[in-house]
Amino acid sequence: MPIARFSLNLVFGLAAVCMSQEIQFTGPLSGLVFDGPSHSLRQVLGMPGAAVLGPPVAGGIDWATVAPNGQRAIILREGQATLLSLRNTPSESPLLSQVNEPLYASWMPDSSAVALYYSASASLQWIRLTPEGPEVDALLPLAWTPPAEVSDFLAGNPSQSAVLAVPGHGLYKANSAGEVTLVYPATGGLSIAAQPGTETLWIADRANGQLVQITNSESQVLIASPETLTDLSAIGLSSDGAKLYLANQGTNRLYLFDRTTSAVTGEIELYAPATRFTTLGRPSILLLGQRTKPGETLYVLDEKTGPTVFFVPASEEQ
């Protein structure tokens, strides 16, 4: 049986916020997650190795994306998009109406803005979270018809380009005018990650078993390793930018790729495949995917203790 590595000696910084008079949080927190099975936003409560997924703090949610700092979220209920703020007293501010299509989201690392990609209309939209309130940009229709369903989406900031992965076709870049170009053709699936504030990104070309770096549309193969890279489900960048996390769903291992030496320097065995790396309240804590059905467990990567991976069980009682 796969062995998960745990750490019990790190206590999360106290970040508890009283979400309502009915729900009191007394333990240290690490972040907020959207929980699909319960259609709610829930807090991760506790310490590494002893954390649990807490009770819902907002319910009736069809879709949500949480800011990296864990203090705000864009939620969707019955076609109505709302900004949920968790600072002090929880509050909701309507943003958009009649949004009836799937969404992909990409946050800026400082949580100041989020880009939404609307797959049905192939359009992009930025929401900026300013001190004066949210500013919602007009929809930007992209000048393309996707050759297949977009499987991943990343955006830098409103003045930079966004990238979209299309399985069986490759990686596409969309500029601020909505023009789309193919920057890396691929016959299989792609996993992508980006370095914040730069034009550098990385893709795992699963068909060719390669890790590729792309800077200003110029590609460079960093490593070719079919055993490590053929079945990659997600790529993540460490908080210090020194290494990449390569999650392989075939081997159920998380490989550590050192950017200085361009070599895999370690691995961590996992209980379940990691599907995405998402900041969970602080840069050094990464969520390795979301729950999709009752009974599943969340897995979290803690960079400060190894890194190590620990699981977060969820109570299904509401």
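The dialogue below concerns aromatic pairs.

Author: This is a predicted model, in which local features need pLDDT of at least 70, side-chain atom pairs count only at pLDDT 80 or more, and totals for chains, interfaces and linings use all residues. Residues are numbered from 1 along each chain as its sequence is written, and side-chain values use heavy atoms, leaving out hydrogens and water.

Reader: By what is a pair of aromatic rings described?

Author: The description rests on the distance of the centres and the angle of the planes. Rings of Phe, Tyr and Trp (its six-membered ring) pair if their centres lie within 6.5 Å; planes under 30 degrees apart are stacked, over 60 edge-to-face, and the rest tilted.

Reader: How many aromatic pairs does this rule give?

Author: The count is five aromatic pairs. One of them is tilted: Trp144 and Tyr172, at 5.1 Å centre to centre with 55° between the planes. This pair links distant parts of the chain, 28 residues apart.

Reader: Are Trp144 and Tyr172 buried or exposed?

Author: Buried means under 20% relative accessible area, exposed over 50%, and partly exposed in between (1.4 Å probe, protein chains only). Trp144 is buried because its relative accessible area is 13%; Tyr172, at 12%, is buried as well.

Reader: Why is the pair of Tyr271 and Tyr299 tilted?

Author: Their planes stand at 45°, with the ring centres 6.1 Å apart, so the pair is tilted. Tyr271 is partly exposed at 32% relative accessibility, whereas Tyr299 is buried at 18%.

Reader: Which residues form one aromatic cluster?

Author: That cluster consists of Tyr104, Tyr117 and Phe153.

Technical notes: Helix = DSSP H or I, 4+ residues; strand = E, 2+ residues; numbered from the N terminus.
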